[in-house]
Amino acid sequence: LFTVPPKQLADIYFSTYSDEIDPIWVNPCHDKRHMAIWSPKKTCHTLPQFIVVGPQKTGTTAIYTFLNMHPSIRSNVKRPLIFEELHFFSSDHYYNKGLDWYMSSFTYNRPNQTDIMFFEKTADYFDNYMAPMRVAALIPDVKLITILLDPVKRAYSWYQHARAHKNPASLNFTFYEIITAGEGSPKIQRELRNRCLNPSIYAQHLERWLDYFPPSQLLILDGQEVKEDPPLVMDKLQKFIEVHPYVDYRRLLRYDSKKKFYCQVLQSDFIKCLGPGKGRIYPPMEEAAQKYLKMFFRRHNVALSKLLMKLNQPAPTWLKEDLRESI
Ligand code: A3P
């Protein structure tokens, strides 16, 4: 029996098992052998208890902001360059930063804060191919929250978001041209089409999460309700994550007629709304685009309705209306 130095051993191992080159982080506290070699300074309490997985443009920032108003709930610390979203499970770059990097994103301000519930919100987890498997490997008992907005509205909101960020395709092509781009269209046009349409194919992505998590760990919120009645949504959310104390968001949120959305009521009656990038004002969608998208999403919405029925989950109002219109 002989061996070689660790680096050489690793090279031999990974050239033999090349499919194992990509790491999969699992919870060190779930395995006695890991615990035995883990630093005593580290704790397993710095992983999130729930994650808002998206998708983008459904009201995820509003939910993130409102959750952080709760005295027993804290999001991850903000990292330089990446702002509020960690992208740990969706980006190889951040995933490869490792478990320490992820866990150190969740820190207590004071040592007696161990009853705090941690969460993170990264809106591109929802439609990311790797995210469900990676989340399940590390935090199998985590609760997941997703928000589903009318896919037509979500697609248009993404296009407007792209325009606000001066995405060249969004500036050079109309929304209709983007969503109807064919395989012969320029790459930038197809890429933007994909970001507008793909995350809105809700049933397909939900099925992937359900390959790894039981339905009892998944809460599906209605994006229209997030806009119109966020206190009610926050009631549902608090019940689902079983947080204490119960907070009545009717006291904390107020509709602002100027912003046309609910905003935070801060001390001394001061109202703070989300920034100008959330709840943008833009022209109504062209009728042709609306018609095209309604047709495009029809079968996906039928699939979503069937899935929700199977899961015994209520269908969002926009979905019921869409299916009624299509009869
Ligand atoms: P628009 O800017 O297109 O209206 P996300 O945070 O996931 O990117 O979602 C952004 C969307 O959240 C906004 O899209 C807006 O419609 C919706 N939204 C829901 N509640 C909101 C609130 N209280 N303030 C601002 N935007 C809100």
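A: The largest pocket has a volume of about 1,300 Å³. A pocket here is an open set of points on a 1 Å grid over the protein atoms alone, where a 1.4 Å probe fits, with protein on both sides within 12 Å along at least five of seven lines. Points are joined across faces, edges and corners, and the volume is the space filled by probe spheres set on them. The model is predicted: local features need pLDDT of at least 70, side-chain atom pairs count only at pLDDT 80 or more, and totals for chains, interfaces and linings use all residues. Residues are numbered from 1 along each chain as its sequence is written, and side-chain values use heavy atoms, without hydrogens and water.

Two or more lining residues come from each of H3 (60-67), H7 (151-164), H12 (223-228), strand E7 (261-266) and H14 (287-310). Helices (H or I, at least four residues) and strands (E, at least two) are DSSP runs, numbered from the N terminus. H7 gives the most, six residues.

By type, the lining divides into 22 nonpolar, 13 polar and 14 charged residues. Nonpolar means Ala, Val, Leu, Ile, Met, Phe, Trp, Tyr, Cys and Pro; charged means Asp, Glu, Lys and Arg; the others, Gly among them, are polar.

For scale, the second largest pocket has a volume of about 250 Å³. Its lining has 13 residues, with Cys 44, Leu 47, Pro 48, Gln 49 and Asp 141 nearest the centre. They divide into seven nonpolar, five polar and one charged.

Definitions and conventions: On a 1 Å grid over the protein atoms alone, a cavity is a set of points where a 1.4 Å probe fits but cannot get out, and a pocket is an open set with protein on both sides within 12 Å along at least five of seven lines; lining residues have an atom within 4 Å of a point.
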